[in-house]
Amino acid sequence: MIPIELLKKIRRIEIATSRLASEQLAGQYHSAFKGHGIEFEEVRLYQPGDDVRSIDWNVTARAGEPHIKIFREERELTVMLIVDMSASQGFGTNEQTKRELITEVCATLAFSAIRNNDKVGLLAFSDQIEKFVPPRKGTQHVLRVIRELLAHQPVGRGTDIAAALEFFRHVQKRRCTAFLVSDFQDDGWEQAIRVVRRKHDLVAIDVNDPHEMELPDIGLVDMRDAETGALVTLDTSSRHVRAAWAAEMAAASDRRIGWMRRHKIDRLELGTGASFVEAIRAFFRRREARMEH
Amino acid sequence: MLMAPPDMLWWLLVLVPLIPLIWWRTMNRRRRLAVPWSTLTPAEGTRRGLTARTRWILPSLRTLAIIMLAICLVGPIKGDQYTSKAVEGVAIELVIDRSGSMRAMDMEIGGRQFERLDVVKSVAADFVLGEAALPGREHDLIGLITFGTFADSICPMTLDYRTLTEALEQVTPASGEEGANTSIGDAVALATSRLADLEDRHDLDTDDIRSKVIVLLTDGEDTSSEIHPLEAAEIAEALGVRIYTIGVGRNGIVPIAVEDRRGRTHVEHRRSHLDETVLREMANMTGGAFFRAQDTQSLSRIYAAIDELERAEISEEQFYRFTDLAVAGVTLGTWKIPALLILPLILLLIETVLATTRYRTIP
């Protein structure tokens with residue numbers, strides 16, 4: 001049984017994000033994620049008006065009558081949401097936690113995909129595989145995905161992106177569009193991403209919180225690492241401490257951005273508390289522009 | 001000497017376990033409430049801030065406070081050893097005759113003739129302050145009354161012997177009407193009344209007075225008293241006052257320096273009569289003694305005898321005065337140590353102030 005509270009939440013997310021998908025992002029998703037290539041459908045008799053370039057000469061020679069090949073745009077996409085559910089996602093200082101933000105973003109993407117008659121699947125992970133929902137079509141399925149996003153209690157606390165991508169490669173043999181939603185608090189994921197990229201269209205969605213990047217000035221704070229459980233007392237009133245922290249975080253972020261840019265990986269950065277619709281729309285537009293080249 | 005009452009030591013058992021508790025609470029990093037943060041990787045190996053690194057000050061302060069509190073509860077006491085000379089003093093009223101006849105020069109010191117009063121004065125001073133033969137008085141109240149025709153209290157009962165001897169120094173033989181008569185009875189009565197009034201004096205610790213003594217020095221017989229000497233002796237006896245009477249000088253014709261109207265001094269020979277029977281009777285009635293002093297030596301001996309008789313009883317007693325260090329401050333040399341109890345309170349105050357300001361920690 002699904003608790004009533006959860007149903008309400010799912011409903012709320014559904015209303016908000018499906019509207020986003022159908023109104024504000026309508027069309028743009030379609031353009032950004034066009035089919036990759038075209039697919040052969042059938043061979044039929046040449047009819048006047050057909051493009052002579054599409055005549056299949058082998059069949060024509062064998063049959064003695066001109067035939068042409070009919071191609072169809074490969075439209076039916078599969079969208080995989082690879083979602084980081086590690087403990088660090090429970091962090092959030094700006095109206096919502098990162099996990100809440102992720103849920104909304106994923107729901108929006110899922111509804112956008114469904115509107116385009118695409119399949120949507122979910123792979124939730126922490127330092128282990130938390131949940132795998134195979135890609136399927138239909139609004140019911142999207143609601144299932146949203147429910148898992150909302151209600152799944154992660155077993156692991158840490159983050160292991162490489163393991164998740166490894167699992168993903170094994171379960172998803174066909175080419176698909178994968179959204180890797182994480183805060184990338186992990187090492188050694190670069191190689192895994194490169195491997196996945198060979199076959200799939202991978203989009204990295206980097207989720208963060210403003211106060212992760214810069215510490216607020218609130219005096220002494222006992223801080224516990226959500227993933228490792230380590231306790232550190234920091235004097236956030238000290239300018240040096242804050243500067244060192246910001247520098248460290250910025251350096252890590254810069255490393256990530258630089259690496260993804262070098263390897264031409266689509267990257268979308270989202271912060272808690274800010275509207276993600278504009279960011280997604282801008283991202284779609286960028287992608288669309290690149291696809292046309 | 002520092003010590004602790006043994007029955008209070010169990011307080012240590014109550015408070016001392018609090019100390020590991022405090023440290024356990026601060027050191028226990030796993031169960032401490034903390035703000036969950038997505039990552040603490042940036043804090044690794046880098047600065048945590050001076051305040052964060054010196055946070056052990058707070059538990060240290062609290063530990064110190066608890067230790068001190070425990071010490072206070074145990075009740076440290078500082079025992080000061082006192083060798084109490086639980087002295088029972090003697091109240092002595094010197095009653096000195098200064099009538100004209102005291103000018104008689106029949107006392108000898110080193111072959112020279114001196115006035116009776118001068119000799120009496122110097123020996124009395126020796127009696128009070130101490131001199132070769134006389135040990136001096138130490139814990140006795142001594143007062144001074146002089147008399148001629150009238151009795152006057154020159155110096156009240158006091159332990160301040162310097163003032164007393166100064167007053168004694170200024171006693172001169174009376175002349176004229178004042179020196180014409182000798183009021184032994186009045187003087188003794190006045191002395192008795194002074195001694196009897198001692199209990200009412202608040203500036204003196206009169207509980208320690210063992211006995212009350214009048215030392216009467218005279219060279220004559222009572223001539224003008226309103227109260228007869230024997231009557232005065234009776235009063236004294238009733239009030240528990242002993243009278244030592246000293247008769248000074250020779251009986252018979254004695255040389256007296258007389259100043260005539262023009263201010264010249266010449267020696268006259270006059271009759272001097274000492275009423276020995278009355279003086280002896282007075283002494284006997286009150287349990288004192290009568291002495292006869294004809295020269296300095298004998299006077300000195302007499303004082304020595306009185307001194308012997310009325311020596312203050314010194315019972316040496318050792319005792320400790322304990323000061324509870326927890327509540328009472330102690331002066332140690334030039335350092336004034338405040339009450340021990342204040343220290344933990346100050347420490348706790350500092351701890352609280354620091355914990356709520358500089359070291360305020362979230363959560």
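**Strands across two chains**

Author: Strands β8(A) and β16(B) run parallel and are joined by 2 bridges, where a strand is a DSSP run of E of at least two residues, numbered from the N terminus, and two strands pair if DSSP finds at least two bridges between them. V221(A) has I362(B) as its bridge partner in β16(B). This is a predicted model, in which local features need pLDDT of at least 70, side-chain atom pairs count only at pLDDT 80 or more, and totals for chains, interfaces and linings use all residues. Residues are numbered from 1 along each chain as its sequence is written, and chains are lettered from A in the order in which they are written.

Reader: Which strand of chain A pairs with β8 in the antiparallel sense?

Author: Strand β9 (residues 231-235) of chain A does, over 5 bridges, and R224(A) has L231(A) as its bridge partner there. The two strands form a hairpin with 5 residues between them, and in the turn G229(A) has a positive phi of about 80 degrees.

Reader: How many residues of chain B are in contact with chain A?

Author: Contact means that C-beta atoms, placed from the backbone, lie within 7 Å; by that rule 25 residues of chain B touch 29 residues of chain A. The elements giving two or more residues to this side of chain B include β2 (35-37) and β16 (361-362).

Reader: What does V215(B) contact beyond its neighbours within four places in sequence?

Author: Nonpolar side chains tend to be buried together in soluble globular proteins. Here, V215(B) is in contact with I92(B), L94(B), V95(B), Y244(B), I246(B) and I306(B).

How values were computed:
Helices (H or I, at least four residues) and strands (E, at least two) are DSSP runs, numbered from the N terminus. Two residues are in contact if their C-beta atoms, placed from the backbone, lie within 7 Å.
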